[in-house]
Amino acid sequence: MEINGVTFRDYACASANMAAGMPTEKICEILGIELPVWEDTKNQWNGKMAELSHDDMKFFGEVFMNPKQGKFANAEGGAEGPEVALEKYPKWSDHIKMERHFAIAQDVGIDIDFQKEYGVSITQFSQLGMHWGGRIQKAMQEDPNSGKIQKLLKKQGKLTEKWEAHFNEMYQGQSANLSDDIDF
């Protein structure tokens, strides 16, 4: 199925690259359409999301981890592969720190600018999460009863506690409750 000549897979890749910072003009250039056609296409695909198959929706989620596919495989700009993020942050502990920072800041109503804080985009942060989550899942599938898994989960727990304490202290006294200043 296509909308305005754009397949779902091309739409998904375009959306993922746009989320990673590719300009709309570049999206239109790669797809060979004008901006009003892109806007119409985007709106129509968004309306059809509920009708898509499980496999299509799975692809839509996965493509945000690697948007360089299809027509966007060799496009400059937008997302980079997970290798770039892993070069900057090769340790699992780095991702746990970022994840705890994101979660605790979000709890108090602060949006983290990953580019400013860590030098990676939100897409790269997600790629790191997929990388480390995949490695843990693979280890659990290969040998679920090994002491290695228990050791790994214990390490994760300690790192999570460490960074939760750090960021809870950092954001102490801040609140996301928008109604705090309303008197009844």
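Q: In which helix is Gly129 found?
A: The structure is a predicted model, in which local features need pLDDT of at least 70, side-chain atom pairs count only at pLDDT 80 or more, and totals for chains, interfaces and linings use all residues. Residues are numbered from 1 along each chain as its sequence is written, and side-chain values use heavy atoms, with hydrogens and water left out. Helices (H or I, at least four residues) and strands (E, at least two) are DSSP runs numbered from the N terminus. On that numbering, Gly129 is found in helix 8.

Q: How does Gly129 count, as buried, exposed or partly exposed?
A: Buried means under 20% relative accessible area, exposed over 50%, and partly exposed in between, for a 1.4 Å probe and protein chains only. Because its relative accessibility is 25%, Gly129 counts as partly exposed.

Q: How many helices and strands does the protein have?
A: Read along the sequence, the pattern is β-β-α-α-α-α-α-α-α-α-α. The secondary structure therefore comes to nine helices and two strands.

Q: What percentage of the residues of the protein count as buried?
A: The C-alpha trace spans about 60 × 50 × 30 Å along its principal axes. Of the 184 residues of the protein, the share that counts as buried is 35%.

Q: Among contacts between residues at least 6 apart in sequence, what percentage join residues at least 24 apart?
A: Contact means heavy atoms within 4.5 Å. Among the contacts between residues at least 6 apart in sequence, the share that joins residues at least 24 apart is 73%.

Q: Against which helices do the buried residues of helix 8 pack?
A: The buried residues in helix 8 are Thr123, Gln124, Phe125, Gln127, Leu128, Trp132, Ile136 and Ala139. Their packing partners are helix 1 (8-19), helix 5 (82-88), helix 6 (92-107), helix 7 (114-118) and helix 9.

Q: Which residues does Leu128 touch, not counting residues up to four places away in sequence?
A: Leu128 lies in helix 8. Because its relative accessible area is 1%, Leu128 is buried. With residues up to four places away set aside, Leu128 touches Ala85, Leu86, Tyr89, His95 and Met98.

Q: How far does the backbone nitrogen of Ser121 lie from a polar atom of the side chain of Gln124?
A: Gln124 lies in helix 8 and counts as buried because its relative accessibility is 6%. A polar contact is a pair of N or O atoms within 3.5 Å; within protein, one must be able to donate a hydrogen and the other to accept it, and residues adjacent in sequence count only if both atoms are side-chain atoms. The backbone nitrogen of Ser121 and a polar atom of the Gln124 side chain lie apart by 2.8 Å.

Q: What is the volume of the largest pocket?
A: On a 1 Å grid over the protein atoms alone, a cavity is a set of points where a 1.4 Å probe fits but cannot get out, whereas a pocket is an open set with protein on both sides within 12 Å along at least five of seven lines; lining residues have an atom within 4 Å of a point. Grid points are joined across faces, edges and corners, and a volume is the space filled by probe spheres set on the points. The volume of the largest pocket is about 240 Å³.

Q: Which helix gives the most to the lining of the largest pocket?
A: The lining consists of Trp92, Trp132, Arg135, Ile136, Lys138, Ala139, Lys148, Lys151, Leu152 and Lys155. Helix 8 (122-142) and helix 9 (147-170) each supply at least two residues of this lining. With five residues, the element that gives the most is helix 8.

Q: What is the phi of Asn4?
A: Asn4 has its place in the loop between strand 1 (2-3) and strand 2 (6-7), and counts as partly exposed because its relative accessibility is 38%. Most residues other than glycine have a negative phi. Although Asn4 is not a glycine, its phi is positive, at about 55°.
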